[in-house]
Amino acid sequence: MTEYEKLLDRMHFEIGSTLMDNNFSRKGIGGAEPQPESEILRSNRRTYMNLKIMMLRLERALYGEKNYEEAETEISYRNADTSNNTESEQLSSRSPRIGDFSC
């Protein structure tokens, strides 16, 4: 089993167990008192962060390490207008607004 398959299994387990925990916490199954929604949300935030970390590890397992060094690339000339006309013209065909609609 490859590393990314192990990560997928762990993520599957994390999601499934969280859904079951949420259900049990809301219903109070097994003689336990139902938990307040704030406690369930706190637990879900922790699960979210665990899943986010696992997603980063999965990305690294699939695509390799990220290289954050900036490559020296030349920025291409992006001016599509070939004319030397610098006067601004109204390109819109809309008519001007009538009335004061400011809030």
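The side chains of Arg 26 and Glu 37 form a salt bridge, with N and O 2.8 Å apart, where a salt bridge is defined as a side-chain nitrogen of Lys or Arg within 4 Å of a carboxyl oxygen of Asp or Glu. This pair links distant parts of the chain, since Arg 26 belongs to helix α1 and Glu 37 to helix α2, eleven residues apart. Helices here are DSSP runs (H or I, at least four residues), strands are runs of E with at least two, and both are numbered from the N terminus. Before going further, note that this is a predicted model, in which local features need pLDDT of at least 70 and side-chain atom pairs count only at pLDDT 80 or more, while totals for chains, interfaces and linings use all residues. Residues are numbered from 1 along each chain as its sequence is written, and side-chain values use heavy atoms, with hydrogens and water left out.

**Charged pairs**

| Pair | N to O distance |
|---|---|
| Arg 26 and Glu 37 | 2.8 Å |
| Glu 39 and Arg 42 | 2.5 Å |
| Glu 65 and Arg 60 | 3.8 Å |

Glu 39 and Arg 42 both lie in helix α2, three residues apart, which is about one turn of the helix. An α-helix has 3.6 residues a turn, so residues three or four places apart point the same way. To say how open these side chains are, three words are used: buried means under 20% relative accessible area, exposed means over 50%, and partly exposed is in between (1.4 Å probe, protein chains only). Arg 26 is partly exposed because its relative accessible area is 43%, and Glu 37 is partly exposed at 40%. Glu 39, with 30%, is partly exposed, as is Arg 42, with 43%. In the remaining pair, Glu 65 is exposed, with a relative accessible area of 64%, whereas Arg 60 counts as partly exposed at 40%.

**The helices and how they pack**

The secondary structure of the protein comes to two helices and zero strands. Does the length of helix α2 agree or disagree with what its residues should span? The expected span is 1.5 Å times one less than the number of residues, so the 27 residues of α2 (residues 37-63) should span 39 Å, and the end C-alpha atoms, 38 Å apart, agree with this. Just after α2, Gly 64 takes a positive phi of about 90 degrees.

Within α2, the residues Ile 40, Ser 43, Thr 47, Leu 51, Met 54 and Leu 58 are buried, and the buried residues of this helix pack against α1 (3-27). Thr 47, for example, is buried because its relative accessible area is 8%; leaving out residues up to four places away in sequence, Thr 47 touches Glu 14 and Thr 18, where contact means heavy atoms within 4.5 Å. On the other helix, α1, lies Asn 22, which counts as buried at 11% relative accessibility and touches Ile 40 and Asn 44, again not counting residues up to four places away in sequence.

**The nonpolar core**

A nonpolar core is a set of buried Ala, Val, Leu, Ile, Met, Phe, Trp, Tyr and Cys residues joined through side-chain atoms within 4.5 Å. Here the largest such core has five residues, namely Leu 7, Met 11, Leu 51, Met 54 and Leu 58. The elements that give two or more residues to this core are α1 and α2, and α2 gives the most, with three residues. Met 11 is in contact with Leu 51, Met 54, Met 55 and Leu 58, once its neighbours within four places in sequence are set aside.

**The whole chain and its surface**

Of the 103 residues of the protein, 12% count as buried. Among contacts between residues at least 6 apart in sequence, 65% join residues at least 24 apart. The accessible surface comes to about 10,000 Å², of which 53% belongs to carbon and sulfur atoms, as found by the Shrake-Rupley method with a 1.4 Å probe.
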